[in-house]
Amino acid sequence: MRRSKAFIPTSKEAPSDASLASHIFLARAGFISQSAAGLYNYMPLAKRVIKKIEAIVNEEMTKVGAQEVELSFVTPAELWEKSGRIEKFGKELLRFRDRKDNMFVLGPTHEEMMVELIKNRVTSYKNLPLNLYQIKTKFRDEARPRFGLMRGREFIMKDGYSFHSSEEDLDREFTEMEAAYKKILTRLGLDYRVVEADSGAIGGSGSKELMVIADSGEDTIAVCSKCEYGANIEAAVSGERKVIPEAPEAVFNKFATPDVKSIEDLAAFFKIDPYYTVKCVAKKLIYEKESEIVLFFLRGSDNLQEVKAVNAAGALEIEDVNEEELKALGLVPGFIGPLDQDKAKHVIDITLKNAANLVCGANELDYHFVGADLSVISDVAYFADIVEVNAGDSCPKCDGELSFTKGIEVGHIFKLGTTYAKALKAEYLDENGKAQPFIMGTYGMGISRLVASVIEQHHDENGCIWTKATAPYMVNIMVSNIKDEAQMAAGEKLYKELQDAGVEVILDDRKERFGFKMKDAELIGFPYTVIIGKELVNGNVQVYDRVSTEKTAVSADEIFTKVMELI
RNA sequence: CGGGGUGUAGCUCAGUAUGGUUAGAGUACCUGGUUUGGGACCAGGGGGCCGAAGGUUCGAGUCCUUUCACCCCGACCA
């Protein structure tokens, strides 16, 4: 491609609202342009990057036997009613009616469609397993799209679905898909981590997210310093506590603690470690039809993890409550304890099971219990893991330490089980001729989000630094002064040689000055720029490496060979 | 969906408090010239329904009402 003819509208200024590097540079370098909230146009450079990523995904999917299909973007609303997700997705589903007044939705993901596709077509266990996928535009009417391609309303996703006749076979496929996904990210040149994730309301036994490590990531993940363990903070657990503070000694007793309400005050009042205090966090849990106030008891040294709390309560959503609501239930804010707790439903953190030497609220104004021993209620109370891990906690898998890092969720794989097959009555006949619902797995990967992720991880103050696997063009030939016939001729020669060799090359033949064209090349981020300029009279050209930002002199005669070596 | 903000040239923004020549700058674009190794310089030029609708006024980018869009913080996010 000749740069003089290319549609690559670069600009010195970024959109005023762009804050992320990927958003700023992709917009400035002429890859994307915004058309409305969360909607972007892909210009030629972006389209090339997307195609490269898609090609890698396709290759790896083919290797593991997955087959590509493409389902309609517009999907009948009826299917979403059958699965119940028209309610669950709510306003995120963009609905509309056609001329015959039938309701449709723009596909945000395609479980229903895929199940419908194979239903009554795959009818025997002999045809299982089956893994089908597509790479397609998705639409989710997000309440707040942001960060450029990172969180758009319209985006490109690879979504795959596998169908099995046994849990074991699903496990095998799941492991294989995880490996394939890791391979894709490695090939793209990304630093990532596979982490355990919350499976959410859909349930399912396994749920893993593929996180590209970046400070700008929206997810917080806990990772181990020694082993492979990593988990989204919503699902992270810590191992046994290594150092346990010395326990305060006290016989069980009710103690006057006037006006001592917070954990801080309490620990100071008794001069004990907050580890031995019991904190009560009250929340309102929203269920499908009703809501109720639930009390969560945990150690004073811990914090409530709301996603875990929602799961423990089997609820859909969680909200804050105020003191008045608690008082209305007969509770005493600041002095709520787990013993003899009959005013509200409560969940106690698992680390408090059989715990002793505790200080907890006495459910009476200005009184706490000391020397409390929860083993007395361990048979009747409901215990669950509801606390958030802290940096420095020990790893649940080894003796390493957990620390936090930020990640961009670029992939999510999980085991769906028979949820969708049952809802849509999709069945096959097993060896005994008995109808069984398909056991499913689902595997998603955000293609357009990957484009942004590459830049989040690979950029500097001057612009994009594409990895070799993702670069829109591998080589940029920059003719410093196009009026210099020798320079132009050398540029044309190399351009033709590289094109003939199948290299993706662009020739910057614009009537611009050296500095302008270099800045442009850096902004776009070609891995290599061959500079044909003033050194040509001495028989030399230069290769500019975008990663090292160094220029190396190469003899003009050998430049073709040198470039072929580099790429 | 709650709270806040912004809409003026392709882009980044002045101008709006206190209404008053023909609505500005930088950048980008076009023409000519000088330059030619790190986003050059000079001269000339094109480009605006001042988000939209309604109102007040002799007169509205500026004041009033309504509305739409976009952005930020939060909630939400298979």
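**A tour of chain A and RNA strand B**

The centres of domain 1 and domain 2, taken over C-alpha atoms, are separated by 38 Å. This is a predicted model, in which local features need pLDDT of at least 70 and side-chain atom pairs count only at pLDDT 80 or more, while totals for chains, interfaces and linings use all residues. Residues are numbered from 1 along each chain as its sequence is written, chains are lettered from A and ligands numbered from 1 in the order in which they are written, and side-chain values use heavy atoms, with hydrogens and water left out.

Begin by colouring chain A by domain: domain 1 is 21-237 + 403-455, domain 2 is 253-388 and domain 3 is 475-566, with bounds that come from an automatic or database domain assignment. Where domain 1 and domain 2 are in contact (heavy atoms within 4.5 Å), six residues of domain 1 meet six residues of domain 2.

Next, select the open sheet of five strands, whose order is β17-β14-β15-β18-β21 and whose pairing is mixed; two strands pair if DSSP finds at least two bridges between them, and helices (H or I, at least four residues) and strands (E, at least two) are DSSP runs, numbered from the N terminus. The edge strands, each pairing on one side only, are β17 (317-320) and β21 (383-384). Strand β14 (residues 278-286) pairs with strand β15 (residues 291-299) in the antiparallel sense over nine bridges, and Ala282 has Leu295 in β15 as its bridge partner.

Now move to RNA strand B and show the 38 residues around it, of which Arg140, Arg144, Arg151, Arg513 and Glu522 come nearest; a residue is near the strand if one of its heavy atoms lies within 4 Å of it. Sugar and phosphate make up 41% of the atoms of RNA strand B that come within 4 Å of the protein.

For individual polar contacts (pairs of N or O atoms within 3.5 Å), select Arg28, where a side-chain N or O atom is 3.1 Å from a base oxygen of RNA strand B, and then Lys534, where a polar backbone atom is 2.8 Å from a base oxygen of RNA strand B. Finish with α13, which gives the most to the surface near RNA strand B, with eight residues.

Definitions and conventions:
A polar contact is a pair of N or O atoms within 3.5 Å; within protein, one must be able to donate a hydrogen and the other to accept it, and residues adjacent in sequence count only if both atoms are side-chain atoms.
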